[in-house]
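Me: Please take a close look at one part of this model with me. Keep it brisk.

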Amino acid sequence: MIQLIDTHSHLYDEAFDNDRNDAVERALQAGVGLMLLPAIDPDSYQQQHELAESNPSCFREMMGLHPTSIKEDYQQLLAITKQLLFDHRERYVAVGEIGLDYYWDRTFEQQQQEVLITQMGWAQELDLPVTLHVRNAYNELFELLRSLNRSRFKGVMHCFGGTVEQALEAIEMGLHIGIGGVVTFKKSLMADVVKAIPLTSIVLETDAPYLAPVPHRGHRNESAFVLHVAEKVAQLKELPLETVAEITTANARKLFKL
């Protein structure tokens with residue numbers, strides 16, 4: 001059986017409250033033996049950790065403050081996040097998900113940038129990769145990363161939605177490209193991205209419960225469906241599914257030290 005890793009799954013979300021164990025079992029049956037749980041904010045940190053503790057062989061945790069959670073009380077939330085990350089360093093495989101999101105609201109644009117820079121510093125201090133959430137802010141993100149004056153970064157552009165040129169720029173900076181269900185959509189530009197970038201720079205993800213791939217588009221996503229993403233990448237790359245599974249799984253294991 002092929003072995004896959006879902007590098008980004010919110011299986012602790014309330015969308016799975018009625019069948020979480022079944023969803024985990026379906027993932028295992030699909031060959032998804034490991035699921036990485038990105039953090040959002042203190043409202044869900046406990047649920048995330050309880051899920052990870054319930055099945056340590058299946059889950060690994062990240063810790064970070066999501067950009068859309070940054071409001072007036074962001075300094076308090078950031079302090080909680082930092083304490084968990086530094087007090088329990090052994091729990092976490094990455095700082096994430098962190099980043100910039102200007103899609104809904106740019107009120108806290110400067111604060112988002114401040115918090116991202118802070119968390120990038122934590123990742124460097126703890127020698128952890130980052131999982132970057134970017135929406136309507138690719139140019140701003142690249143400008144911010146360049147301002148940090150580092151030759152290379154370690155992490156993944158989660159749920160990548162940029163151009164081929166932006167993907168290549170991220171790879172040049174040392175980052176991996178997270179490919180999820182959007183690549184299966186009929187008019188998705190991600191097909192061009194996948195064709196243009198090396199397989200060694202790709203990790204697979206679902207972002208469950210969001211962005212379910214075809215043939216489940218419009219329904220709740222779950223980690224088992226990363227298999228559909230792998231199949232689409234194999235089709236676009238004109239490679240056997242087994243090759244895509246082997247290389248993307250190896251990429252994830254190396255990046256997150258799994």
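Which residue follows α9, and is its phi positive or negative?

Reply: Lys257 follows α9, and its phi is positive, near 55°. A few ground rules come before the details. This is a predicted model, where local features need pLDDT of at least 70 and side-chain atom pairs count only at pLDDT 80 or more, while totals for chains, interfaces and linings use all residues. Residues are numbered from 1 along each chain as its sequence is written, and side-chain values use heavy atoms, leaving out hydrogens and water.

Now the helix itself. Helices (H or I, at least four residues) and strands (E, at least two) are DSSP runs, numbered from the N terminus. Helix α9 covers residues 241–256, which is 16 residues. At 1.5 Å a residue, α9 should span 22 Å. The expected span is 1.5 Å times one less than the number of residues. The end C-alpha atoms of α9 are 22 Å apart, so the two values agree.

Next, which way does α9 face? Val244, Ala245, Thr248, Thr249, Asn251, Ala252, Leu255 and Phe256 are buried. They cover an arc of only 155° around the axis, so they sit on the same side of α9. That arc is taken from the directions from the helix axis to the C-beta atoms. The face turned away from the buried side carries Glu246 and Lys254, which are exposed. Buried means under 20% relative accessible area, exposed means over 50%, and partly exposed is in between (1.4 Å probe, protein chains only).

Lys257 counts as exposed, at 57% relative accessibility. Its partner is Asp127: the two form a salt bridge, with the closest N and O atoms 3.1 Å apart. Asp127 lies in the loop between α4 (109–126) and β5 (130–135), and Lys257 in the segment after α9, so the pair ties together parts that are 130 residues apart in sequence. A salt bridge here is a side-chain nitrogen of Lys or Arg within 4 Å of a carboxyl oxygen of Asp or Glu. Asp127 is partly exposed, with a relative accessible area of 41%.

How many salt bridges does the structure hold? It holds 10. One further pair is Arg146 with Glu169, at 2.4 Å from N to O. Arg146 is in helix α5 (residues 138–147) and Glu169 in helix α6, so this pair links parts 23 residues apart in sequence. Salt bridges also link Asp19, Arg26, Arg220 and Glu222 in a network.
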